[in-house]
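Work through the exercises below with the model open beside you. Try each task before you read its solution.

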Amino acid sequence: MRAIIIHEAKDLRLEDYPVETPGPGEVAIKLASGGICGSDLHYYNHGGFGAVRLKQPMVLGHEVSGHVTALGEGVSSLAVGDLVAVSPSRPCGHCSYCGQGLRNHCENMRFYGSAMPFPHIQGAFREQLVALESQCVKADGLSAGQAAMAEPLSVCLHATRRAGDLLGKRVLITGSGPIGTLCVLAARAAGAVEIVVTDLSDAALSYATKVGADRVINTGIDPEALNAYAVGKGSFDVLYECSGAAPALAGAIPAMRPRSVIMQLGLGGDMTLPIQAMTAKEIDLRGSFRFHEEFAMAVRLMQAGRIDVEPLISHTMPIDEAVSAFELAGDRSQAMKVQLSFQ
Ligand SMILES: [Zn+2]
Ligand SMILES: [Zn+2]
């Protein structure tokens, strides 16, 4: 079987990889769909991000779905043939954070396709994958591509839960990539009454419109457009900062109401903040990192028809064209979510 392995920046190969057999509590999965994430792109384009660098070849990928082909001993909730969304979140279950229910902060997290620890945690872009039963959520009723969107959607659901009550709230989202646009869907499902999205790319913003944003603003073309929201000490109750760009965050502060909440999702390196204005407005700045229990929630919300991710899947390409798919995924003028088909 083959896997998609990054060796160093711009050196991505489809290579033979050993087949594993499922042990107790595990299942074998024939992969169906794998979404290319911003972090996969960082490894592909730059060999890492921030202080995280590739030190050995690593299988990429953590947004995957597939069909169960074999059951390990004791597996009872799944059957051969089931379509499952596979959570890349593999906390240890034993450390103090796991004990406190903060599983995304597990001290021994083995999140697929991560070069943070060494040896690196190998990813899920493999034709066959062995996963724990507990990582798999049955996704009947969804397409394989939709099921593979459960992972990035979980990131946005986690941020939405951290943001607190959104019912009737006005929301600003900076950055209209896959996470920003999925945040439109998550915020709407949570009851946001008005959602405004900013970006520097009209192509990216068109996807925010497709998933129901009330207004999109190209802040490159119209840098003054947010000024109207700054009157009366600001308009927005919640900001989802999904760009990781300091100017996006700083530019949003005047439009935020006193005691509003900033959810920081974008990871673009360290930034300088307008801390004086944020302090005077008593703004809460909250980080949001990965997810855990939101993964099953993401599948349920899609199955129930409460969240439709389909408009965001812009391209599906066979794994033999993995390099072209990674190039396309990095082109914001064309692509939103690019998925690889393993079938
Ligand atoms: Zn991802
Ligand atoms: Zn743990």
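Histidine 158 sits in helix 4 (residues 150-163). Helices (H or I, at least four residues) and strands (E, at least two) are DSSP runs, numbered from the N terminus. This is a predicted model, in which local features need pLDDT of at least 70 and side-chain atom pairs count only at pLDDT 80 or more, while totals for chains, interfaces and linings use all residues. Residues are numbered from 1 along each chain as its sequence is written, chains are lettered from A and ligands numbered from 1 in the order in which they are written, and side-chain values use heavy atoms, with hydrogens and water left out.

**Task.** Decide whether histidine 158 is buried or exposed.

**Solution.** 
- Start with the cut-offs: buried means under 20% relative accessible area, exposed over 50%, partly exposed in between (1.4 Å probe, protein chains only).
- The relative accessible area of histidine 158 is 11%, so histidine 158 is buried.

## Exercise 1: the zinc ion (ligand 2)

**Task.** Find the protein donors of the zinc ion (ligand 2), then name their arrangement.

**Solution.** 
- Donors are N, O and S atoms within 2.8 Å of the metal (3.2 Å for Na, K and Ca); water is not among the atoms, so sites may look incomplete.
- Next, the test for geometry. Four donors count as tetrahedral if all angles lie between 85 and 135 degrees; four count as square planar and six as octahedral if opposite donors are over 155 degrees apart and all others between 65 and 115; anything else is irregular.
- The angles among the 4 donor atoms run from 100 to 118°, so the arrangement is tetrahedral.
- Cysteine 95 has a relative accessible area of 11% and is buried. Cysteine 98, at 5%, is buried too.

## Exercise 2: the zinc ion (ligand 1)

**Task.** Which residues are the protein donors of the zinc ion (ligand 1)? Classify the site as well.

**Solution.** 
- The protein donors are Cys37 (SG), His62 (NE2), Glu63 (OE) and Glu151 (OE), at 2.2 to 2.7 Å.
- In sequence, these donor residues follow the pattern C-x24-H-E-x87-E.
- The angles among the 4 donor atoms range from 81 to 170°, and the site is irregular.
- Look at accessibility: histidine 62 is buried at 3%, and glutamate 63 is buried at 1%.

## Exercise 3: salt bridges across the chain

**Task.** How many salt bridges does the structure hold? Work out which parts of the chain three of them join.

**Solution.** 
- A salt bridge is a side-chain nitrogen of Lys or Arg within 4 Å of a carboxyl oxygen of Asp or Glu.
- The structure holds 16 salt bridges.
- Take aspartate 320 and arginine 2, whose side chains meet at 3.1 Å, N to O. Aspartate 320 is in the loop between strand 17 (313-318) and helix 10 (322-329), and arginine 2 is in strand 1 (residues 2-8), so the pair ties together parts 318 residues apart in sequence.
- Aspartate 320 is exposed at 57%, whereas arginine 2 is partly exposed at 29%.
- Arg2 and Asp320 also belong to a network of salt bridges with Glu127.
- Take arginine 170 and glutamate 194 next: their closest N and O atoms are 2.6 Å apart. Arginine 170 is in strand 11 (residues 170-174) and glutamate 194 in strand 12 (residues 194-199), 24 residues apart.
- Last, aspartate 199 bridges to arginine 332 at 2.8 Å between the closest N and O atoms. Aspartate 199 is in strand 12, and arginine 332 is in the loop between helix 10 and strand 18 (337-341), 133 residues apart.
- Aspartate 199 is buried at 7%, but arginine 332 is partly exposed at 39%.
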